[in-house]
Amino acid sequence: MASERETKSFLAGLCKQAKRYGDMAKYMKEVAKCGGELSMDERSLLTVAFNNIVRTRRESWRRIASIEQESKGSEKHVITICEYRQKIETELGNVCEDVLDVLDELLIHQPESGESKVLYNKMKGDYHRYLAEFASGEKRKVAAAAAEEAYKTATDVAQTELTLTHPLRLALALNVSVFYHEILNFPDHAYHLAKQAIWGATAALASLPEDSYRNSAHIIQLLRDNLTLWGQLDNYGRLAL
């Protein structure tokens with residue numbers, strides 16, 4: 001007979017197939033409450049659930065914020081648009097706080113493996129960054145400071161526990177560089193982090209197995225895409241020094 005943990009994990013996987021990410025997140029929180037370190041599959045289910053919940057709300061917020069900005073001074077429904085944006089911000093804030101509670105109360109002090117430590121601290125940095133995206137004033141400063149601290153912890157562990165080509169280490173570099181560019185407005189540091197990750201991983205890519213190569217190469221391309229967007233690649237796609 002399956003244990004409660006196995007049943008909840010199975011249900012989360014079922015929800016993933018049905019794209020019912022709210023239920024998926026609920027089951028994975030229950031798995032986390034069972035105690036002990038999450039397996040690789042369980043960590044994957046947890047991140048997929050919350051990533052999909054927050055992704056749709058972030059996309060909605062960006063679109064409504066853009067419409068609001070375009071409508072200022074010329075649209076009679078500006079107040080209505082503003083109120084709806086605030087509704088989305090409340091939903092997004094609740095999701096982020098929910099994830100952060102799970103991390104702080106159930107997961108972040110549990111892991112023994114370096115990969116788990118990096119993942120949970122990266123997630124903590126990510127969800128504080130999402131809060132900072134729409135916050136203002138002191139709330140933005142607090143969220144940004146918390147994100148920076150979590151990202152630093154994740155980076156310190158990644159540098160000693162994960163290879164230069166590890167997809168999680170590359171994904172961390174990607175998100176941290178975005179954080180410095182978009183939230184802290186330190187573009188030079190963002191460029192440095194992205195270039196450093198690319199330079200460090202590229203030389204070793206050829207020696208990776210096919211699956212690992214594909215995952216790492218995909219994230220390196222995302223790093224390069226950002227550098228292109230930020231004007232840090234020349235006309236031939238080479239890194240500008």
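The legends below describe views of a predicted model.

**View 1. Overall fold of the chain.** The chain contains nine helices and zero strands, where helices (H or I, at least four residues) and strands (E, at least two) are DSSP runs numbered from the N terminus. Its C-alpha trace spans about 65 × 50 × 35 Å along the principal axes. A compact globule of 241 residues would have a radius of gyration near 18 Å, and the 19 Å of the chain agrees with this; the radius is taken over C-alpha atoms, and the globule rule is 2.2 Å times the number of residues to the power 0.38.

**View 2. The two domains.** Domain 1 covers 1-159 and domain 2 covers 163-240, with bounds from an automatic or database domain assignment. Their C-alpha centres lie 23 Å apart. The contact (heavy atoms within 4.5 Å) takes 17 residues from domain 1 and 13 residues from domain 2.

**View 3. The side of domain 1 that touches domain 2.** Between the domains there are zero salt bridges, meaning a side-chain nitrogen of Lys or Arg within 4 Å of a carboxyl oxygen of Asp or Glu. Helix H5 (114-134) and helix H6 (137-161) are the elements that give two or more residues to this side of domain 1. H6 gives the most, with nine residues.

Residues are numbered from 1 along each chain as its sequence is written. Local features need pLDDT of at least 70, side-chain atom pairs count only at pLDDT 80 or more, and totals for chains, interfaces and linings use all residues, while side-chain values use heavy atoms, leaving out hydrogens and water.
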